[in-house]
Amino acid sequence: MGKQKVIFDTDPGVDDALALLYLLRHPEIDLLGVTTVFGNAPVTLTTRNARFLLRSWGQPVPVHPGAAAALTPDMPQDDFPVHIHGRNGLGDHPVPDQPTDEPETASQFLVDTIRAHPGQIRVLAVGRMTNLARALQIAPDIADLVRDVVIMGGAFRVPGNITPAAEANIWGDPLAADIVFGADWRVTAIPLDLTTRTFMTRPMLARLAQEGGPDMQLVADLSQGYVGFYKRSGYDGMLVHDCCASVFLTDPDLFTLTEGEVRVPWEGIALGTTMMNPTDRQGPLDAWADRPRQAAALDGQAEAILARIAQICTA
Ligand code: BDR
Ligand code: CA
């Protein structure tokens, strides 16, 4: 079997950087392009960061700038998690280039690439779902043409990490997430239910930096502020949310999936909650009716996922 053709939709983002390195290092992955989105920082910065990482690692993968704001009405426009990912989105690690305003090409790139490789493209989205929702709006036919969509996002049976109800990627554009979960394509969410158990300790990060060469050293360097964020909460290390979703592409057996129709409210105090309709439920389920069943990894082998990251990122 040939390599998996992957488009990585991302908002680098410290954990995004590790997720990207995993994809680049994995022998079974053919990374066709990177699309960027606002989230951990404005899209001008996440685009610049993606290019910086790829250039630092000598990988000429095309980067397509994406959405600067949510599809959801009335979302805050300049609320970025600087206390987690730094003011520049990469833990305030020095990034030489100036951010630039560029035309948004991400959603059209998604459409064109999915149409060019029917049944083959896997989209891995680890930021807001805005680019994917826009791609569906431009070209609904891509739902039939994509191989599948894997997202890092959601909090199904655990509290959120941005409100008690919502995980950050879903909260940042809940309408886009509802569109993505509602399209007739296969979506697998890798949510906080599992990713909050994939904790890379500081000693493990240091070992990876030592064994993984300069590429992994860069990830360790730019992760120090992120590690500091966890330290203030009493933890010695960092969660590797987005890289957990990268591992799903290559090692699905390490993940335990639950299926159901998913809705995401985009207003009110529950904005951004991922609500999966349990099987066998009878009741007033109109809001979930006629939606495709999607999957969420509510459980999985966290230690084995971390071991896989270590193996690939030090190979
Ligand atoms: C997600 O939010 C972002 O800050 C991280 O990069 C990750 O994609 C975790 O909730
Ligand atoms: Ca991310």
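Colleague: What makes S1 and strand S4 (residues 121-125) partners in this model?

Modeller: Five bridges join S1 to S4, and two strands count as paired if there are at least two bridges between them, so S1 and S4 qualify. The two strands run parallel, and Ile7 stands opposite Val123 in S4. Do keep in mind that this is a predicted model.

Colleague: How do you know that S1 also pairs with strand S2 (residues 29-36)?

Modeller: By the bridges again: S1 and S2 share seven bridges, in the parallel sense. Lys5 has Asp30 as its bridge partner in S2. The chain goes from S1 through H1 to S2, a β-α-β crossover that is right-handed. Another bridge partner in S2 is Leu31, which goes with Val6.

Colleague: Why is strand S1 (residues 4-10) called mostly covered?

Modeller: Buried means under 20% relative accessible area, and seven of the seven residues of S1 are buried. Both faces are covered: on one side Gln4, Val6, Phe8 and Thr10 are buried, and on the other Lys5, Ile7 and Asp9.

Colleague: What makes S5 mostly covered as well?

Modeller: Five of the five residues of S5 are buried. Asp148, Val150 and Met152 form one covered side, and Val149 and Ile151 the other. As for its partners, four bridges join S4 to S5 in parallel, with Leu124 facing Val150 in S5 as bridge partner. Four bridges also join S5 to S6, again parallel, and there Ile151 has Ala189 as its partner.

Colleague: Why are S3 and strand S9 (255-260) said to stand at the edges of the sheet?

Modeller: The open sheet has eight strands in the order S3-S2-S1-S4-S5-S6-S12-S9, with mixed pairing. S3 and S9 each have a single partner strand, so one side of each is left without a neighbour in the sheet.

Colleague: How do you know that H4 packs on the sheet?

Modeller: From its contacts: H4 touches S1, S2, S3 and S4, and its direction makes about 150° with that of S2. Contact here means heavy atoms within 4.5 Å. In helix H4 (residues 106-116), the buried residues include Ala106, Phe109, Leu110, Val111 and Ile114. Their cover includes S1, S2, strand S3 (63-64), S4, helix H5 (130-138) and helix H6 (142-145).

Colleague: Which strands does H13 lie across?

Modeller: H13 lies across S1, S2, S4, strand S5 (148-152), strand S6 (187-190) and S9, and runs at about 155° to S5.

Colleague: Why are H10 and H11 called roughly antiparallel?

Modeller: Helix H10 (residues 202-211) and helix H11 (residues 213-222) pack at an angle of about 150°, with their axes 6 Å apart. Angles over 145 degrees count as roughly antiparallel, and H10 and H11 therefore get that label. Their contact is made by Leu205, Leu208, Ala209, Gln210 and Glu211 on the H10 side, and by Gly213, Met216, Gln217 and Ala220 on the H11 side.

Colleague: What makes H1 and H11 roughly antiparallel to each other?

Modeller: The axes of H1 and H11 cross at roughly 170° and come within 9 Å. The cut-off is over 145 degrees, so H1 and H11 are therefore roughly antiparallel. In H1, Val14, Ala17, Leu18, Leu21 and Arg25 meet Asp215, Met216, Val219 and Leu222 of H11.

Colleague: Why is His93 called buried?

Modeller: His93 has a relative accessible area of 19%, and buried means under 20%, so the label applies. His93 sits in the loop between helix H3 (82-85) and H4. Leaving aside neighbours within four places in sequence, His93 contacts Phe52, Asn88, Leu218, Asp221 and Leu222.

Colleague: Are Asp16 and Asp242 buried or exposed?

Modeller: Asp16 and Asp242 are both buried.

Definitions and conventions. Residues are numbered from 1 along each chain as its sequence is written. Chains are lettered from A and ligands numbered from 1 in the order in which they are written. This is a predicted model: local features need pLDDT of at least 70, side-chain atom pairs count only at pLDDT 80 or more; totals for chains, interfaces and linings use all residues. Side-chain values use heavy atoms; hydrogens and water are left out. Buried means under 20% relative accessible area, exposed over 50%, partly exposed in between (1.4 Å probe, protein chains only). A crossover is right-handed if, with the strands pointing away from the viewer, the path from the first strand over the helix to the second runs clockwise. Axes are lines fitted to C-alpha atoms, for helices over the stretch in contact, and angles run from 0 to 180 degrees between N-to-C directions. Angles under 35 degrees count as roughly parallel, over 145 as roughly antiparallel, 65 to 115 as roughly perpendicular and the rest as oblique.
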